[in-house]
Amino acid sequence: MFWPAFLNAALLGGLVAVGIPILIHLMLKTRQRRMKFSTLRFFDFLDEEAVRSRKLRHWLLLLLRLLVIILLVLAFARPYLGNHIATPGNQRPQLAIFLLDRSLSLAAREPEGVRWERARTAARQVLYRLPREARVGIVACGGQAEWLIQPGPATEALKALDAAQPLMTGGDLGDGLQLAARFFAQEGTGFSNTLYIVSDFQRASARRLPDVPLPTHVHVEWIAVGDAQTPNLAITELNLATVSGHTSTVMVANLDAEDSGPLTTKLTVDGKMVAARIFTLPALSSSNLDLALPRLPPGWHNVTVRLETEDALPVDNTRYQAVYVPPPLPVLLVETRSGVKIYQEETFFLRTALDPNFGQTNRGLTGFEVETTPPEELNRRLTTGSREGPYALVVVPALKRWPPGTAPALTGFVEKGGGLLLFAGEGLSVNHYTTELGPLLPGRWGIAETATDLDWRIWEWDKHSPLFAPFRQPNSGSPSVARFHKRLALQTREGDQVLARFQDGHPAMLLRTAGQGRVLFVNATADTQWHDWPRHKTFVPWLHSTARFLAGRNVELEGTRFPSHHTGTEIDWTLDKTWQDKSLKWLLPDGSALNVKVDSQGTAHALQMPLPGIYTLSDEQGREIRRFAANVPAEESDLSAYTPQEMQTRLTRAETSATVSGAAMILGGNTGQRELWRMLLLAGLLLMLVETIMGNRTVP
C-alpha cells in the first residue's frame, strides 16, 4: 500500500481553515439563560427528543462544513498515488517512437561520414538501451511520411531500421510528427512516452514543425547528425528557352560561406558535350549561366547539365531535361493576290506567324515548313506534296471561285487525314462554296454582317480544346483582345462543333470532322480587313496550336521543353484513347523496367520516379511514346540546419485530445499516475450540495 503524494504540498497549510466553521459554530451556539417566573403554566414544555435531534443536525452540519474545507484543500494540493518503488510489478511500460529523417540531405557526406549512417548508428544505440519489454515504432520522413513499423518489439524495429534507406526527395519533420502525435494521443495512455527525433535538422525540413502540437505527456529526445553549416554547390535550375539556336539558362548556387574556386559546367545533349563554362561564385550566392544549345534534329533528346566539382552532396550537381523536337510540319498557303508586295499579300500575317524566317537559310525554326501557291496550282501541289513530304495542312483565305477539280482533291486530302483551315472575306460566293465543298463545309453560311455600335470580341471559347491550350495558364493572354467589325452570318449544322463565340453568342470558329481529317472555319479574314487579331501577341500561339491540331499532331508534344518532376514522386499520365486498357513499359534511368497498365480512360497511374534522370514510356514492342525528366528537389541542396535547442523552441505542445474513459478522466490515466484531486473535488462539491439542503431545513 502506498501513501499519496502531493504536487502542491504547500497548500496543505490551508487545513487550518477547518477552524473557521468550529469558531462560527461556537459563536452562534444558543446559550440557556435562567429566568425567574411566578408560574410556568403559560409556557410550552420542550420535547426532549426534538432538542436532541436538532443538536444532532447541528453537529452533522458542522462535520459537513469541515469535510468540505478539508476536501477542497486536499484537491488543490493535487494528491496522487504513484509508483514509488521501481519493481517489475509497478513500472509503467515504455512506448518509444523514432522519427527518422531519410530525406536527400541525409545522403550528404561530411568528414565524420555519411549523415545517414550516422543517423542509423545513433538510433541503434538508443534502441539497445531501451528495456526489453518496451514497445518501439519508427516513422520515416522523406517524401510522404509513413510508418516503417508500428510500435512493437524492439527487435522488429531494429530489422526495419537496418532495411531503411534514404530517399532522393525532400521531407518535412512536421508530417512525421503528425503521425507520431496522433498515435501518442490515442494509444499512449498508461505508458511512459518518448519521441526520439533523428535528423540533421535541415531548415527546409522543419517548416511545418510548429503547426503540429505534441501532447504534453510525451518526452522528446533530439538526436542530431550533421553539422549546422555544411558547404555545398548545386545546380538548382535548368530552363531550356527553345531548342533551336537560342540559349538555355542554368542556375548554379554556392551554398558555402566562402567564395568558390574555378568551376566548370558542361552541357551535354544525348551524351555529347555541346557547351561548357568556367566561372567562380561568391559565397552564399547564385548565378545564371547562358549555355548555347544547337539546333536539334526532330525527335527526343536528353539534355544534361553537370557541375564538375566534389562537394558534400554530389547528386545535386547534375540536372536533366527531356526535349522533343517535332518534325517540320508542311503547310501550304493559298495566296489569292499576285503582283503585290509581300506585306500586301492576303496570307502575309499567317506566313509570318508560322515561319518568320520564310525564304531564309534558317527557316523552319518554329517547326513549320511553309510554302505558298496560287489557287490554280493547288490541285497539282496537293498531288506532288512538299519537299518534307505530303502536306499536313492547307490554309485557304476567301476565294471568289474554286478552280476546276480542286474541291474534290481537297476533299480527298482531308478525308485521308489532312487539315484544312478556311477564312471568310470580301467577294466570297457562299453558293459556290456550298456547291463545291458540300458536306466538307462547317456550318451554313449567310451574308456578311457589319458591327454597328460596338465591335465584336471572342468572348467564349472551349478551354479544353487544343486550339486554346496556350491560354490555359494564368496571365497567358486571351483571344478576347481582338476586335472584329465584320463577319458572316453563320448557322451550325449537325456534326459541327462550336469552338469559339462572339459576345452575342454568334459562332466565331466552327470545327467539322471529315473522314480522318478536320476542317476549321474562322469567321474572319486571313488578313486584317475584318479584324485586328494578327496585330496582337496571342495570334501567333493560337495559330501554332491550331495548325498542329488540324494536322493531327499532339499539341502537347510540340512544345520545345517539358518541366521536370521531383524525384521520389509518382505521376499519372493520360494518353489518347488508342492506348486504353493496354500494357506499357516504364523504363527507369538505371535500366530497369516496370510494367504499366493503362486504364479504360487512357491514363497510366503511379509512374514512379525514385532516381534522378530520364524516364521513358514505351509500348510492349519498345516504341517510344514519351520521355520524362526527374531531378532532386532544389531545396535539399541547402544543408544549413537548426541546433537541437532551436528545434525545441519550434516545438509546440497541446493537451491530449483523445477520447478517454470516465475512470481515466477521474484518475488521470494519461499521465500514468492515479491522481486523486478530481475525486476529492467532486466529493467536496457533492457535500456542499448536501450541506446547503440540510442547512435550509435546520432551525435554531
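## Around Leu-393

Leaving aside neighbours within four places in sequence, Leu-393 is in contact (heavy atoms within 4.5 Å) with Leu-329, Pro-330, Val-331, Leu-332, Phe-413, Gly-419, Leu-420, Leu-421, Ala-547 and Leu-550. Leu-393 sits in strand 20 (residues 393-396); helices here are DSSP runs of H or I with at least four residues, strands are runs of E with at least two, and both are numbered from the N terminus. With 1% relative accessibility, Leu-393 counts as buried, a label that means under 20% relative accessible area, while exposed means over 50% and partly exposed is in between (1.4 Å probe, protein chains only). Gly-417 is 24 residues away along the chain, and its C-alpha is 9.5 Å from that of Leu-393.

A word on the model: it is predicted, so local features need pLDDT of at least 70 and side-chain atom pairs count only at pLDDT 80 or more, whereas totals for chains, interfaces and linings use all residues. Residues are numbered from 1 along each chain as its sequence is written, and side-chain values use heavy atoms, with hydrogens and water left out.

## Helix 10

Since 10 of its 12 residues are buried, helix 10 is largely enclosed by the rest of the structure. After helix 10 comes Gly-552, with a positive phi near 85 degrees.

## Helices 3 and 4

The axes of helix 3 (residues 115-129) and helix 4 (residues 154-163) come within 11 Å and cross at roughly 175 degrees. The axes are lines fitted to C-alpha atoms over the stretch in contact, with angles from 0 to 180 degrees between N-to-C directions. The pair is therefore roughly antiparallel, the term for angles over 145 degrees.

Buried residues of helix 4 are Ala-154, Ala-157, Leu-158, Ala-160 and Leu-161. They cover an arc of only 165 degrees around the axis, so they lie on the same side of helix 4; the arc is taken over directions from the helix axis to the C-beta atoms. Their cover includes strand 3 (94-101), helix 3, strand 6 (135-141) and strand 7 (146-152). On the face turned away from the buried side, helix 4 carries the exposed Thr-155, Lys-159 and Ala-163.

Note on methods:
Parallel < 35°, antiparallel > 145°, perpendicular 65-115°, else oblique.
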